[in-house]
Amino acid sequence: MTFTVGSALEFVSVGLDHPGVTVLEGVDWVVGRGERWVVLGPNGSGKTTIFQLASGYLHPSRGAVSILGGRLGRVDVRALRRRIGIVSSSVTKKILPGVSAAEVVLSGRLGDLEPWWGSYDDADRQRAAGLLHDAGIAEVAERPFGALSEGERQRVLLARAVMSEPELLLLDEPAAGLDMGARERLVAFLSSVSAAASAATAVMVTHHVEEIPAGFTHALLLRSGTVVAKGCLDEVMTSDLISRTFDVEVTVSSQRGRWIANAQRP
């Protein structure tokens, strides 16, 4: 099977089954290097499965997945994951609550979960401090991760994911459960990360159009495990396509690089 030259992530006729249930079917999707995609869809649409495939934690039942040039099933996923930055609830659960915010970010340099697993120099520590500053939470550097607010934790995890300068950044509903203020601060940090000259290719899973950061370029819309639409944001983020994806009549608009969906009155 031949994959697209220059792709960072590619799904070819991908299907995935759980016992008695087809979760994904016929997914064709190419993420080019330097692109920043949002994967949108309602609960149960297959977004989490897409994320797990993209991070190498699941293998397809049918079709093929290529991540950073390596085909799943034929590549050492342990080595592959060192090139990927991940923000997800699964990472949050693995971090010891007593580790400081600065140490959590620092440990991302080598992809470790605990800072004493690796060796770090002053340049690494300065970079970790700088990322916390960029995230707007420099003051929490010495606080235990477990004592941070949910919004602060998410920004620490994003700084940790960026710390390793990954080739691919994967974000699984990073703003889930955050209040409006915390969500906006996280989205602002995501926008600044996306705007950096060295920005990684990124894929973010969400079911809220308001969470799409400025600077994201493409969208994949999912419903019931199949693709509704895919392509440039301006082409995909239409009232018709979003309404079809979520099975509710909405009007979609954008303002200063951010997207809004409002339910249409009967």
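How many bridges join strand E4 to E5, and in which direction do these strands run? Two such strands are shown in View 1, where 2 bridges join E4 (residues 62-67) to E5 in an antiparallel arrangement. The model is predicted: local features need pLDDT of at least 70, side-chain atom pairs count only at pLDDT 80 or more, and totals for chains, interfaces and linings use all residues. Residues are numbered from 1 along each chain as its sequence is written, and side-chain values use heavy atoms, with hydrogens and water left out.

**View 1. The open sheet containing E4 and E5.** Four strands, in the order E2-E1-E4-E5, form this sheet with antiparallel pairing; strands pair if DSSP finds at least two bridges between them. Strand E2 (21-32) and strand E5 (70-71) stand at the edges with a single partner strand each, so one side of each has no neighbour in the sheet. Gly70 in E5 is the bridge partner of Ile67. Helices (H or I, at least four residues) and strands (E, at least two) are DSSP runs, numbered from the N terminus.

**View 2. Helix H1 on the sheet.** Helix H1 (residues 47-54) lies across strand E1 (7-18), E2 and E4, and runs at about 125° to E1. Axes are lines fitted to C-alpha atoms, for helices over the stretch in contact, and angles run from 0 to 180 degrees between N-to-C directions. Contact means heavy atoms within 4.5 Å.

**View 3. The packing of H6 and H7.** The axes of helix H6 (residues 150-163) and helix H7 (residues 180-195) come within 9 Å and cross at roughly 15°. That angle makes H6 roughly parallel to H7 (angles under 35 degrees count as roughly parallel). Residues of H6 including Gly151, Leu158 and Val162 meet residues of H7 including Ala182, Phe189 and Val193. By class, this contact of H6 with H7 has 8 nonpolar, 2 polar and 2 charged residues.

**View 4. Strand E9 and its partners.** In E9, 5 of its 6 residues are buried (under 20% relative accessible area, 1.4 Å probe, protein chains only). E3 is joined to E9 by 4 bridges and runs parallel with it, whereas 6 bridges join E9 to E10 in an antiparallel arrangement. Val39 stands opposite Leu220 in E9, and Gly231 in E10 is the bridge partner of Ala219.

**View 5. Helix H9 and its cover.** Leu241, Ile242, Ser243 and Thr245 of helix H9 (residues 239-246) are buried. Their cover includes strand E3 (36-40), strand E9 (218-223) and helix H8 (233-236).

How values were computed. Angles under 35 degrees count as roughly parallel, over 145 as roughly antiparallel, 65 to 115 as roughly perpendicular and the rest as oblique. Ala, Val, Leu, Ile, Met, Phe, Trp, Tyr, Cys and Pro count as nonpolar, Asp, Glu, Lys and Arg as charged, and the others, Gly among them, as polar. Buried means under 20% relative accessible area, exposed over 50%, partly exposed in between (1.4 Å probe, protein chains only).
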